[in-house]
Amino acid sequence: MPTLLIHNARCVATLDHPDPAQGRELFDASVFIRDHRIESIGPAADVTPDMLTGADEVIDARGHLVTPGLVNTHHHMYQSLTRAIPGVQDAELFSWLRGLYPVWAGLTPEMVRVSTQVAMAELLMSGCTTSSDHLYIYPNGVRLDDSIEAAHAIGMRFVASRGSMSVGQSQGGLPPDRVVESEDAILHDTRRLIETWHDTRHGAMVNVAVAPCSPFSVSRDLMRESAALARAYGVRLHTHLAENDHDIAYSLAKFNCSPAQYAQDLGWLGDDVWHAHCVKLDAAGIGLFAATHTGVAHCPCSNMRLASGIAPVRRMLDAGVPVGLGVDGSASNDGAQMLGEARQALLLARVGRSLEPYGCDHGPAEMTARDALALATRGGARVLGRSDIGHLAPGMCADLALFDLRTLSFAGGAVHDPVGALLLCASASAAYTVVNGRVVVREGRLATLELEPLVERHNRLAMQLAASAA
């Protein structure tokens with residue numbers, strides 16, 4: 001069984017308690033990994049000579065902070081091909097989508113594989129070890145298998161969400177008819193994917209989720225049947241909900257109810273469900289989510305980029321709603337720096353409450369650095385239904401990120417509080433990222449694939465995709 005010793009770390013932030021303020025932070029500590037799991041965490045002085053000489057690999061972690069691997073709960077990885085694309089840089093959600101659907105209609109299987117690996121490389125190099133992805137458009141022979149195979153090659157733990165769109169413009173939906181699928185085909189392919197790829201074991205590298213895209217692109221029948229299918233197989237459910245004012249208006253006009261009521265009516269509440277965004281979730285909706293332990297993927301950068309608003313994250317957390325972080329699509333965030341997303345969540349929570357018309361107290365303690373790190377680790381693991389990732393303890397999956405505190409980003413900060421500095425100072429790249437006991441980022445460089453040829457190939461495909469739409 002392979003072994004890995006992470007030795008002499010300046011600090012190991014375990015996040016091993018539901019209250020972020022109470023998680024153990026061990027100084028001058030080491031982590032010993034055997035066969036994909038953490039075997040022990042403790043003082044570096046307790047490492048025996050046999051452990052030191054017998055480990056298959058030893059990482060000298062002096063001057064480094066070790067954290068659990070970060071967990072990304074919402075992404076659209078194919079969108080990395082359309083980052084900063086002209087015409088939609090200043091659009092809100094619905095006009096942004098209308099501008100990009102015709103471009104995405106040109107996607108090919110190669111584009112999906114390459115863009116998935118580029119998106120995952122960016123995540124891994126920011127310390128993210130587990131990511132979900134919501135692929136909901138399937139033109140030109142594209143399959144979710146393309147994303148899953150790409151994840152396997154690069155070494156990321158993956159929750160592959162089989163998205164779908166079935167209601168085109170001719171039926172009152174938002175997407176053009178040429179990018180929607182028949183509902184029978186969607187359900188058939190979803191069953192195939194679950195039976196082929198979904199793994200229920202501890203440490204599973206691939207989970208499959210059932211993920212109709214949104215209230216404005218699928219029918220209520222598909223939402224109900226998708227929920228029944230997912231629960232028959234014991235897999236999770238995911239969709240977009242309450243993202244902006246237009247989203248709310250669509251639900252009221254089409255369904256005569258709020259998005260949260262829509263979800264309740266269709267069986268889309270429960271501890272096996274997570275919704276992306278929920279920017280406009282009202283007090284009643286927060287109550288429903290809390291009572292049913294329904295999860296939320298908070299996407300602060302995308303919500304700001306599209307001017308959707310500020311999600312009421314502190315009120316959700318105080319009510320008991322499970323909340324994790326998501327970078328969202330690369331064309332609505334234009335980046336997938338997971339540590340940066342956590343920092344943005346911290347800052348936005350502090351300023352956001354001051355804008356709410358509730359007359360309640362607010363201030364810098366609205367969200368602490370450790371709260372934000374918990375959202376990016378334990379919170380994301382809970383939202384994805386994973387009890388084997390998200391914090392560091394014996395028996396947990398060996399998913400870790402190491403950050404070099406001796407770099408310029410941390411100068412004058414890490415000497416006082418290495419964990420606080422990770423979120424308050426400029427967002428840093430990971431020095432090492434370990435997934436399932438395997439080093440996938442080493443000394444700041446991707447270790448599983450040649451990055452430069454991948455980026456060059458990705459850029460060629462991005463130009464090809466844009467040109468085909470033009």
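Trainee: How do you know that there are salt bridges across the interface of domain 1 and domain 2?
Mentor: The rule finds 3 of them there. A salt bridge is a side-chain nitrogen of Lys or Arg within 4 Å of a carboxyl oxygen of Asp or Glu. Arg-370 and Asp-417 have their closest N and O atoms 2.8 Å apart, so the pair falls within the 4 Å of the definition.

Trainee: What are the model and its numbering based on?
Mentor: The model is predicted: local features need pLDDT of at least 70, side-chain atom pairs count only at pLDDT 80 or more, and totals for chains, interfaces and linings use all residues. Residues are numbered from 1 along each chain as its sequence is written, and side-chain values use heavy atoms, with hydrogens and water left out.

Trainee: What makes domain 1 and domain 2 separate entries?
Mentor: The assignment gives domain 1 as 3–69 + 391–445 and domain 2 as 73–384; such bounds come from an automatic or database domain assignment. Their C-alpha centres lie 29 Å apart.

Trainee: What is the area buried between domain 1 and domain 2?
Mentor: About 2,700 Å², with carbon and sulfur atoms giving 61%. Buried area is the accessible area (1.4 Å probe) that two parts lose on being put together, summed over both.

Trainee: Why is Ser-132 called buried?
Mentor: Buried means under 20% relative accessible area, exposed over 50%, partly exposed in between (1.4 Å probe, protein chains only). Ser-132 has 1%, so the residue is buried.

Trainee: What does the side chain of Ser-132 reach?
Mentor: The backbone oxygen of Thr-73, at 2.8 Å. A polar contact is a pair of N or O atoms within 3.5 Å; within protein, one must be able to donate a hydrogen and the other to accept it, and residues adjacent in sequence count only if both atoms are side-chain atoms. Beyond four places in sequence, the contacts of Ser-132 include Phe-158, Trp-274 and Leu-384.

Trainee: How do you know that helix 4 is mostly covered?
Mentor: Of its 11 residues, 8 are buried, among them Leu-144, Ile-148 and Ile-154. Helix 4 spans residues 144–154; helices (H or I, at least four residues) and strands (E, at least two) are DSSP runs, numbered from the N terminus. Just after helix 4, Gly-155 takes a positive phi of about 95°.

Conventions
Contact means heavy atoms within 4.5 Å.
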